[in-house]
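Keep the viewer open as you read.

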Amino acid sequence: MRFERREHRPLYLLIVAPVLAVIAALALSGILIAIAGAPVLDAYWRILTGAFGSRLSATETLTRATPLMLTGLAAAVAFRARLWNIGAEGQFYLGAIAVAAASAKVLGDLPAPILIPLLLLVGAIAGMVLILIPLWLRLRFSVDEVVTSLLMNFVALLFVSMLIDGVLKDPLAFGWPQSQSISDHAMLPKLIARSRLHIGLVIAVALAVIVHLMQSRTVFGLQSRAAGLNPSGAVFAGVPLGKTLMKVACLSGGLAGLAGAIEVMGVKGYVTTDLSPGFGYAGIVVAMLANLNPLGVVLAAIFTATMFVGADGMSRGLGIPTYIADVTVALSLLTMLIALFFTQYRIRR
Amino acid sequence: MTVPVLEIQGVSKRFGTNLANDDISITLAKGEIVALLGENGAGKTTLMSVLFGHYMPDAGRILIDGMELPQGKPRAAIRAGVGMVHQHFSLASNLTVLENVMTGTEKLWSWRSGTSAARKKLLAISERFGLKVDPDARLGDLSVGEQQRVEILKALYNDARILILDEPTAVLTNIEAEKLFTTLKEMARQGLSLIFISHKLDEVMTAADRIIVLRSGKVVAERRASETSKAELAELMVGRRVTRPVREPSAPGTVALEAADITVKINGVERLKSISFRLREGEILGIIGVSGNGQAALAHLLSGTLSRTSGTLLLFGEPIGNLGVADVVSADIGRIPEDRNEEGVIGEMAIWENAVLERISSPAFSRSGLVNRKAGIAFAKEIIGQFDVRGGSPASRARLLSGGNMQKLILGRNLHQRPRILIAAQPARGLDEGAVAAVHARLLEARRQGTAILLISEDLDEVIALADRIQAIVGGRLSPPVEAEVAEARRLGLMMAGEWHEAWKADHAI
Amino acid sequence: MTLLFDIIASVGLWGAVLRIATPLIFGTLGALLCERAGVLNLGIEGIMTFGAMIGWLSVYHGADLWTGLLVAAIAGGVFGLLHSGLTVTLGLSQHVAGLGVTLFASSFSYYVFRLIVPTAGTPPTIVPFQPIAIPGLSTLPFIGPAFFTQTAPTYLAILIALMMAYILFRTPLGLAIRMTGENPHAAEAQGVNPMKVRYGAVIAGSALMGMGGAFLTLSAFNSFFPTMIQGRGWICIALVVFSSWRPGRALFGALLFAFFDAFQLRLQTVVEGVPYQMFLMTPYILSIVALAVMARRARVPQALMRPYRRGER
């Protein structure tokens, strides 16, 4: 048995692949649920109703999907240019803490229409700054950015922990390490009353569309794709490799930083070290499930959020650990990789 | 009659719709040197890969000393005494010579490598056949010629009695090649049997006892070297008389590009050493030389992807600084890169994107950062039509094009705009005879229209056919130019070996 | 100044160095073995997590400590099989596949752990490996209590480092592994099957990673808790580069790294006014610096991260 490269990639496979991958991941997780002694179909039904069964749960799922869309976009734009930014988690936290700091220490008194865009910008810039370190190390010393951006996640989280335990500590939090809350008028407007769903969702979807247009219609999009697919070919065609990677990195880090900023300004209002239940890492899965397509990222983020939110309710009902959601999401990354492989290759005997 | 050492019986191998080997039968006797002659794509390398177990044949069998060889098992081939010297060496540059040779020769699960015994054996073999090497040198530190010696030693170390050499002279200078053939003849005298793959008529005639001609996957003829001629072989190999276009006399114009004392250092190593040349409008200046002597640095320097360390460059008499790709493109300098797949195209991108990528920032193809897709597709369509690119539409991926059509696409995007200067690095490498003729015709047409062409090539025939003047590049140095009219093969051979003073003397002695 | 000297001269510091180094030695050797065969294994972080969990769980359920270590090694090998299936047979991106394995292995560990120990609160404990005093050597002043009263897996880790150095550079198997990592086509041409070598190296390497994780729950601590690996796997990947893919230097690198870590831990308790997070950051920053310094100098296996497909160049 051997694999043979497909000459033509049928279009339908690109749509079928993620669907099959998700089904396979659900089936595999189903085995784990069954081993734990719970009825599998009931469990999945509870996940679905837990995520979309009521108005409240549906808004909750979309609220959860918002940062995932942004970290998913962050991974997608970077991976498209073969820039392995695995540091979205750290960039998320840095964006979040930058917003908290700026609101508490500098900008807090500005009126909302100026303050909110300014804070979002601050968050994005903080994310960019963090990714520039691994990028610089790659361009200057040819250090693989995967490991450095991963290690930066730990540094960033400790840095945040230090700030919320020190200069930014909320004196009213009974000694818990928690940042000062941002000004009330810095909070993002709600999208639906009496829910946590905020305008960040609109921002995330709009950004997905913008990134999509940027990749498909602009010179920058064409050049970053070329840089990712074949660096020496891109250089020969005059693509400024360093500059292009720099722009891609800034976009990617900015999106991840923005995710952190929006999570603080839309949901929490302050920063703790458990602000993110792994949004940065889940963003990688989201991006892969979407096959790096920015519009697909929106759907993949909603799927991932469905698993996370739904698993909470299911867990309470059936006694299956909520980690089943993480397992399913991780498995769907692996099954998606395999599915993508078979869109490019076929089996020959 | 004795049993032949090697017998290939009715081997067929199909890749997709392409029948690479069609019922091929060949025999090889002890102490014999057989040349397998054929064009690129004739099926030579496929056949040898089947023999060596890299591919499973669809039909046929292989006998060694009358015993059938199990298929698809390189190890079985090695054990039966078949050794292969690949064109692209199968060596690891971070390991030592001895380690390269020893890999796979011992039982995998033994407690100790028999290093000292192996060293002794290696030295004995290298003594016996006159193949000198240092067993403890790191392979990456050796010259190409030495690496080939290691590749041959590796086969001999495995007690090969049948040695297969795939295009062994492709990377050697004429003088190194002569030395190699002396060694091969010595091996045959000592009882080894050899097959070497080639498309060069000269070396086939001088080195082989018997010549087997392959065309489109079939054996079309078999001749004793003493009973044939180059002309006959050429016709057999190509199957029809392909006439490569011939250069007509022309009157070169003003100097388009002049290099004076240019030196290029990469990571502290001088790749080009104070080179000088003048390239005039309407002429082709050929740069010959064995690969790895600075051609890549020269091509990259003029293509705008490499900066010079010192020296001056004049563009139509104007001194210019270091050029980036964008500057080169906007100065109407066309570029054909040495490696089509690595640099020429981005395989996973569409043909139209490949056509416009290098001038994507020009107003013709984008406005304020937005790509003008329509204009790009129209441009690609024009190239496809004008340059006869077959096998793809503007929207299909470039990877799907054959080598020849890919090269036509690259030629098209450069020549479409009538460049003033064209830097062509190995433009016909690896193409079949028809595509070569097409490429040559385009280059000559551009020359007629006044383009100044710098042709960097390893193919002596190509340069002799196309170039008005010829310079040789050796170890990063450039010889003085000779007029094509007075350049005959022997003199060019001396130039390529770096003996250009000898070449002058030879010239004056006559 | 005397303060620094006091720390360096304390027996406790040097004892801690070996203890901190042990999981890193296992992990680094494991990653090194994979990379020598040409496969980057970013599954390491998750595999170490799973090893820590399953090793602890086995002992918690009555297995003896060595069986726990063995179970962790086998589980690591199974994940190695998964990773090689993705990267060797299918030739997928080693970066993404490795991250996938890490995400899966760690979430799977937490899932299993929570299934067995549903409530949060203080995690249940086991009786871990006890230090073994090496007769004779352990009575030496200073050196004895520092280096020769460690738990058995620490001695095992050092032994494995030496063995791996021997195997890689002195046996035909080691040569086959190195050749596969440098040029799998050449290996194949000489009758070595690069697919098999890669599978073997990744499985064995992942088993070592599993053992490294298990050391944490079976020797350094006595219980399992989520996020206990704390980026140790990624540090190991950095240490492989630092070691230039040589087991001896990997051992040295892990010890050096552990020395700084142990030193920083002790400094934390005596230096005032500096937030403890600054100290905790140093290992990660140190790893990044080590990468930057060594990346250009190191002789990377030439076929690292290049999938091998027969007949494709």
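Start with B:Leu257, whose bridge partner in β12(B) is B:Leu279. That pair belongs to two strands of chain B, β11 (residues 255-266) and β12 (residues 269-280), which pair in the antiparallel sense over eight bridges. β11(B) and β12(B) form a hairpin with two residues between them, and in the turn B:Asn267 has a positive phi of about 50 degrees.

A word on what you are looking at: this is a predicted model, where local features need pLDDT of at least 70 and side-chain atom pairs count only at pLDDT 80 or more, while totals for chains, interfaces and linings use all residues. Residues are numbered from 1 along each chain as its sequence is written, and chains are lettered from A, with ligands numbered from 1, in the order in which they are written.

As a reminder, strands of a sheet pair through backbone hydrogen bonds, either parallel or antiparallel.

Zoom out to the whole of chain B and you'll find 18 helices and 23 strands. Its C-alpha atoms fill a box of roughly 70 × 55 × 50 Å, taken along the principal axes. For 510 residues, a compact globule would have a radius of gyration near 24 Å, and the 25 Å of chain B agrees with that; the radius is taken over C-alpha atoms, and the globule rule is 2.2 Å times the number of residues to the power 0.38. Buried residues make up 47% of the chain, where buried means that 20 or more other C-beta atoms, placed from the backbone, lie within 10 Å of the residue's own.

Chain C has 13 helices and two strands. Its radius of gyration is 20 Å, close to the 20 Å that the globule rule gives for 313 residues, so chain C is as compact as a globular protein of that length. The C-alpha trace spans about 60 × 45 × 45 Å along its principal axes, and 58% of the residues in chain C are buried.

So where do the chains meet? Chain C puts 34 residues in contact with 37 residues of chain A, contact meaning that the C-beta atoms, placed from the backbone, lie within 7 Å. On the chain C side, α5(C) gives the most, with 13 residues. That side divides into 26 nonpolar, six polar and two charged residues; Ala, Val, Leu, Ile, Met, Phe, Trp, Tyr, Cys and Pro count as nonpolar, Asp, Glu, Lys and Arg as charged, and the others, Gly among them, as polar.

Chain B touches chain A as well, with 22 of its residues in contact with 17 of chain A. The largest share of the chain B side, three residues, comes from α10(B). By class, that side has twelve nonpolar, five polar and five charged residues.

Definitions and conventions: Two residues are in contact if their C-beta atoms, placed from the backbone, lie within 7 Å. Helices (H or I, at least four residues) and strands (E, at least two) are DSSP runs, numbered from the N terminus. A residue is buried if 20 or more other C-beta atoms lie within 10 Å of its own, exposed if 12 or fewer, and partly exposed in between; C-beta atoms are placed from the backbone. Two strands pair if DSSP finds at least two bridges between them.
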